[in-house]
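Visitor: Please put the model on screen. Then take me through the helices, the salt bridges, the sheet and the ligand site.

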Amino acid sequence: MKQRDHAKLIAALSEEYERRSPRSAALNREALKYLVDGGSHTIRLIRPFPPRIVSAAGAYVTDEDGHRILDFWQGHHANILGHNPAIVTAALSRAFGFGFGLQSGFTDALQARVAEILCARIGAERVRFTTSGSLATMYATLLARAFTGRELVMKVGGGWHGAQPWGLVGVDLNVENHGSFAHAESRGLPSSVAHQVIVTRLNDADMLESQLRKHGGRVACFILEPFMGSAGCLPATLAYLRAARELTRKHGALLIFDEVISGFRFCAGSSTRLFAVQPDLATYAKIIGGGMPVAAVAGRAEVMSLSGRAGGVKFSGGTYSCHPSSLLAAETMMRHLIENEADVYSRIASLGAKARRVMERAFREEGISARCTGEGGDALPGSSMGAVHFPYSDECDCSLPEQTRNPEVCDVTLSDTVLQLALLLEDVHVMHGLGSVSAAHTEGDIDRLGDACRKAARRIAHSL
Ligand SMILES: Cc1ncc(COP(=O)(O)O)c(C=O)c1O
């Protein structure tokens with residue numbers, strides 16, 4: 001399929017964006033003097049420049065130019081209660097008031113309390129904390145390789161497990177390489193890493209079985225997101241998760257669920273609780289930190305124990321691991337979600353369904369064929385996530401990363417770049433075609449999203 005060329009449209013949108021955001025434009029010029037590309041997290045560095053944020057509350061952020069922007073990215077899906085939720089900010093100010101919060105370098109009662117909550121909610125025997133999802137998946141991989149004494153790591157093509165050596169293989173689809181995910185993503189990686197990662201396909205149990213039959217005796221672990229985030233909001237099916245459990249056990253490999261996005265996103269605990277498939281290890285971050293950098297690896301005691309004194313896996317260090325204010329935010333958030341589970345999750349699932357509906361409808365009504373993914377599939381009851389895709393053919397169901405991330409199948413520039421810019425002109429912020437709904441969003445916010453999509457669609461339609 002011939003890909004559309006959006007260069008002119010992007011230039012026109014950028015010009016308009018620049019006109020209405022002079023402060024952010026000027027600050028970007030300053031930032032470029034000291035920061036590569038003007039910032040420190042690639043996808044936040046929207047081109048021509050990102051809005052520079054001064055404050056945030058709930059569903060909204062305010063930028064340097066005074067725009068009040070309706071945000072559906074919500075801290076990379078971390079802010080399930082919206083930005084700066086009062087329950088967390090109040091707990092932190094109280095603690096700072098009596099001298100608790102920045103005294104890192106010790107341990108305390110809080111750490112064990114947070115570990116107890118997490119283990120109880122996700123069915124794990126032991127947990128160890130760190131500061132980012134990338135580190136958590138790296139440590140989980142080290143643990144699996146040490147426990148099994150094997151080399152290979154199996155993953156789903158398009159899966160994002162953070163920027164760590166084994167995570168940096170098989171993320172972006174390479175059209176030139178027959179639409180394959182199987183290649184290393186970063187310069188500078190040891191060449192051996194690319195050979196240590198086997199890339200398989202979401203929801204294809206036959207492929208998983210044949211690869212395990214082929215490489216089984218050398219595979220240390222199969223790591224997957226039960227609900228794929230950056231690949232396009234795609235759920236694994238229940239049958240696939242069950243097959244993954246059975247096949248990894250049969251071939252002596254560990255099953256790792258990367259719940260960095262899905263943990264506490266669909267219920268107050270692991271998504272495992274909803275589909276009753278227990279992994280050997282699981283990784284958590286984002287929501288569990290309550291807005292602060294908290295991540296965890298959790299699972300079977302005999303595997304986790306390798307991270308201890310006698311285990312030999314260097315899951316250690318981390319000056320800010322278990323930072324007291326971070327763990328206080330984590331405890332506050334997890335307790336809140338547990339106590340308000342029924343309300344929070346039914347509310348965000350219903351708003352999420354509405355967001356997906358209004359986006360699809362807005363584009364269709366303006367003559368642009370769109371498909372919004374993010375439903376929970378057969379394993380999850382409801383979902384607050386969403387990503388709009390623009391497939392070139394109506395026959396494409398947008399259920400696999402091989403479709404959603406393939407620019408020959410879906411107009412990826414339209415969903416990722418053009419739409420983001422066009423919606424920013426309406427003071428709405430999305431990433432990869434949307435993001436997630438928080439409990440701070442309202443029905444009115446979702447209607448506003450629909451209106452903004454309609455206006456964006458009009459700008460887009462006349463140049464398609
Ligand atoms: C599924 C998944 N795993 C791991 C990571 C990495 O987490 P972090 O960005 O905290 O390093 C991410 C981040 O988006 C993620 O979505």
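**Helix, bridges, sheet, ligand**

Visitor: What should the 13 residues of helix α15 span at 1.5 Å a residue, and how far apart are its end C-alpha atoms?
Guide: Helix α15 covers residues 412-424. Helices here are DSSP runs of H or I, at least four residues, and strands are E runs of at least two, numbered from the N terminus. The expected span is 1.5 Å times one less than the number of residues. That gives 18 Å, which agrees with the distance between the end C-alpha atoms, 18 Å.

Visitor: What kind of model is this?
Guide: This is a predicted model: local features need pLDDT of at least 70, side-chain atom pairs count only at pLDDT 80 or more, and totals for chains, interfaces and linings use all residues. Residues are numbered from 1 along each chain as its sequence is written, and side-chain values use heavy atoms, with hydrogens and water left out.

Visitor: Where is the kink in α15 centred?
Guide: The bend at a residue is the angle between axes fitted to the seven residues ending there and the seven starting there. In α15 the kink is about 35°.

Visitor: Which residue forms a salt bridge with E16?
Guide: A salt bridge puts a side-chain nitrogen of Lys or Arg within 4 Å of a carboxyl oxygen of Asp or Glu. The structure holds 25 of them. For E16, the closest N and O atoms are 2.9 Å apart, and the partner is R459.

Visitor: How many residues apart are E16 and R459?
Guide: E16 sits in helix α1 (residues 7-20) and R459 in helix α16 (residues 443-461). E16 is partly exposed at 27%, and R459 is partly exposed at 22%. The pair links distant parts of the chain, with a separation of 443 residues.

Visitor: Which residue of β3 stands opposite T62?
Guide: Strands β2 (residues 60-63) and β3 (residues 68-71) run antiparallel. Three bridges join them. Opposite T62 stands R68.

Visitor: How far is an oxygen atom of the ligand from an N or O atom in the side chain of S134?
Guide: The residues around the ligand, each with a heavy atom within 4 Å, include S134, W160, E225 and K286. Polar contacts are N or O pairs within 3.5 Å. The K286 side chain has an N or O atom 2.9 Å from a ligand oxygen. For the side chain of S134, the distance is 2.7 Å.

Methods:
Buried < 20%, exposed > 50% of the residue type's maximum accessible area, 1.4 Å probe, protein only. Pairing = 2+ DSSP bridges. Polar contact = N/O pair within 3.5 Å; in protein donor to acceptor, adjacent residues only side chain to side chain.
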